[in-house]
Amino acid sequence: MSARVWRLLVVVLAGAVAGCAEDASQMRFAQNADIAKPVHRKARAVVEKTLEEHFGTPLNSVAWLKLPVNYGKAEGKVKSVDGRSVIVDFNAETSDLESLKSPELSRAGLLFTSGANQGKSFLLASYDASEKSFETLTALETAPAEGDQFVVAGQNLRHGRKLYARHCQHCHGINGDGDGTTAKYLNPRPRDYRLGIFKFTSTNKDTKASRDDLKRIVSQGIPGTYMPAFVPMLKENELAVLIEYVRWLAMRGELEVQLLKDLKNDYAADRARKEAQETKASTSDIEKQIAKQLEEYVANPTEGLAAFIETVTGDMVSAWEGAETADTVIMPPVPRVPDTAESRERGKALFVKTDGGKCINCHGPTGRGNGFQTEDFQKNDATGGFYEKRGLHDSWGEQIKPRDLTRGIYRGGRRPIDLYRRISQGIKGTPMPPVAATVKPEQVWDLVNYVLSVPFESASPKAAKAHSIAGQPNELGNAN
Amino acid sequence: MRKFWCAFFVFWPIVAIIYSLISSLIPSLGWWFPGPSVTELGQRIDNLFYLILYIVTAVFIGTQIAMGYVLWRASHSKDERAWFSHGSHSLEVIWSVVPSVILLFLALYQMDVWALFRVQAYFPKEAREAPVAEVTARQFEWRIRYPAPGKKLQLKPQPDDLYDVNDLHVPINRPVMIQLRSEDVQHSFFLPHLRVKQDAVPGQIIPIWFKAERQGLFDLTCAELCGWGHYKMRAQLTAETEVEYEAYLKKLQADQNYDGHATPSAVAKKDE
């Protein structure tokens, strides 16, 4: 058989077994109905276009320099070419992204700076820093020769996307909305990044999650949820690019949410219908008017869309950059108060005090997570009304339970410092409040000592006795 | 067509012989089974496996060649009549007794290895008495609980227990036992380099012992399809010297008690 027939056979067979391969045609950042539905479709299209311009598509992402994302950049020269795969030598990995300002590079990822392809930019299909190779998305018309210089940029985003697609997307969704295909089977739900809020952080209550926080979660997992630990499967450099991609998705989501929220005020989905009822004008006239207003809004350089994006991204950038500065990381001003019976007693007294830490209101008198607030109707700050269902809700509108502290499962980490941060700064996006303003650091430590002792508290005096001689009867290992 | 079947049945034993020869003569090709086991018991398991493989190979080649011969002879001479053996008492005795003897031999021969691997009463005493860790499989990770240095592992978590995930550390050159549990569905604790494989069954605590004989990082994977994230259960076994093992536990302890002021270890530092 000729080589061509063989190749065809291989392609057909590969296609038949490639059930898990990415379907490029379906890879797009879709707007979710939950935030987009109340917005007029023309305004939605504006948002879509804006995001496309600044972030691109999953397979053709744009490294928008405005954002504090480490997109990665490297220069090098071609060593050999094997079809579409190019083996290279890197001169240096540089963090200087100035040249990314050229629109070709920020979009395409690869630009030849010498040789037959000089000045031409190409989309990268894959990039592997350790293998020192890359592949272009479309075939190179003129193959690069040995020694051709090039610069690649945004490779972290591309490498990160591949890892994200493989390990994260099925729960967290293509655009990070926490609505991937397996998400509906999970409780708690996977995180929706689009609010830019991550729960378990080391930073203070007003700051975003730092890279280290995200890294800790991805590498250690979250016990008590479906988030598994990804180390040692993912290596250090893979973790780093994956986290950049997640941060980038979160920023994209934030901008999307903010834009839609803002446009909803003037361009609600039912605006044409409502106005038509009120003014008796024809719907098509109003539609035309909406289109015109939108056009003006997009074109207005000082008060229009551009200005709004400027403000939102400005805030976002300083928030994300702030999370990386040392002074936003919560470090207890005093060392842990020795874990004594007295300290635990003091902690417990604070825990049950209804005008102190107020822990009891949600976590209940014995820390089982059954405080009275879990049976009450709660106010919804987003709408001003009350939630339909009783119990606590988080910023994503999901019903959540206060932690049952008797189980000894600590989602945000079990180290004393983790608990200190949780108690002192609260948990972002949840009703768990920061107590730092009213409770002294020493008292927070008392609370930590008490909370850590709850799983070992004895329910009855009889059990207390059994516990004190533990080690003999319930010792493992000598069954036979 | 008669010739075809004849050739067909002879072809496979020839392939088997050639493959066995090449793979054992040129080990660098990597066609043979994985290299030597990290544990002595694993080596004995391998030996059992190879014994069975040799018997099966001999039987396979023998029967295929016999079949090829019969077909070839029948396709050549039209005059020779077939001999119908149906009902032959002595033949039936032969093909019942010979495999029975082989199977009985295997059943008895492997008993001590099996007992050592599976029956708790035969586990080395020092491993049995002081399990080093409790490994809890869950979708999709391995959560590990060690007793504090100098303490014994208890059935219930203790305040000073140490925790890690996806990285099981064990000392080398001494038998160690772990307690295997599952939090949700069935998983399988698989250490391919150590020839250890044991299902983790929800509701049960299953002891496993092994004695790593050299240092290194070895795969710890799940060998039971446990859900859509099955592949994510790729952890590692760190076999290290007693000194390194102690140091690891100390570091874990320091990490776990980190309050932002205590001498932070490497991991804690990163977190700052």
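## Overview of chain A

Chain A contains 16 helices and 10 strands in this predicted model. Of its 480 residues, 47% count as buried.

## Packing of helices α5 and α8

Two packed helices are described by the angle between their axes and the distance between the axes. In chain A, helix α5 (residues 155-167) and helix α8 (residues 236-266) have axes that come within 8 Å and cross at roughly 95°. An angle of 65 to 115 degrees counts as roughly perpendicular, and α5(A) is therefore roughly perpendicular to α8(A).

On the α5(A) side, the residues in contact include Leu157(A), Leu163(A) and Tyr164(A); on the α8(A) side they include Leu242(A), Tyr245(A) and Leu249(A). The residues of this contact divide into nine nonpolar, three polar and two charged.

In soluble globular proteins, nonpolar side chains tend to be buried together. The largest nonpolar core here has 58 residues, and Tyr164(A) and Trp248(A) are among those with the most contacts inside it. Several helices of chain A, including α3 (41-55), α5 and α8, each supply at least two residues of this core. Helix α8(A) gives the largest share, 14 residues.

Tyr164(A) touches, among others, Tyr193(A), Leu242(A), Tyr245(A), Val246(A) and Leu249(A). A second, separate core has 45 residues, among them Leu180(B), Leu194(B), Ile206(B) and Met233(B).

Definitions and conventions: Residues numbered from 1 in each chain as written. Chains lettered and ligands numbered in written order. Predicted model: local features only at pLDDT ≥ 70, side-chain atom pairs only at ≥ 80, totals over all residues. Heavy atoms only, no water. Helix = DSSP H or I, 4+ residues; strand = E, 2+ residues; numbered from the N terminus. Buried < 20%, exposed > 50% of the residue type's maximum accessible area, 1.4 Å probe, protein only. Axes fitted to C-alpha atoms, helices over the stretch in contact; angles between N-to-C directions. Parallel < 35°, antiparallel > 145°, perpendicular 65-115°, else oblique. Contact = heavy atoms within 4.5 Å. Nonpolar A, V, L, I, M, F, W, Y, C, P; charged D, E, K, R; others polar. Core = buried A, V, L, I, M, F, W, Y, C linked by side-chain atoms within 4.5 Å. Lists of a residue's contacts leave out its neighbours within four places in sequence.
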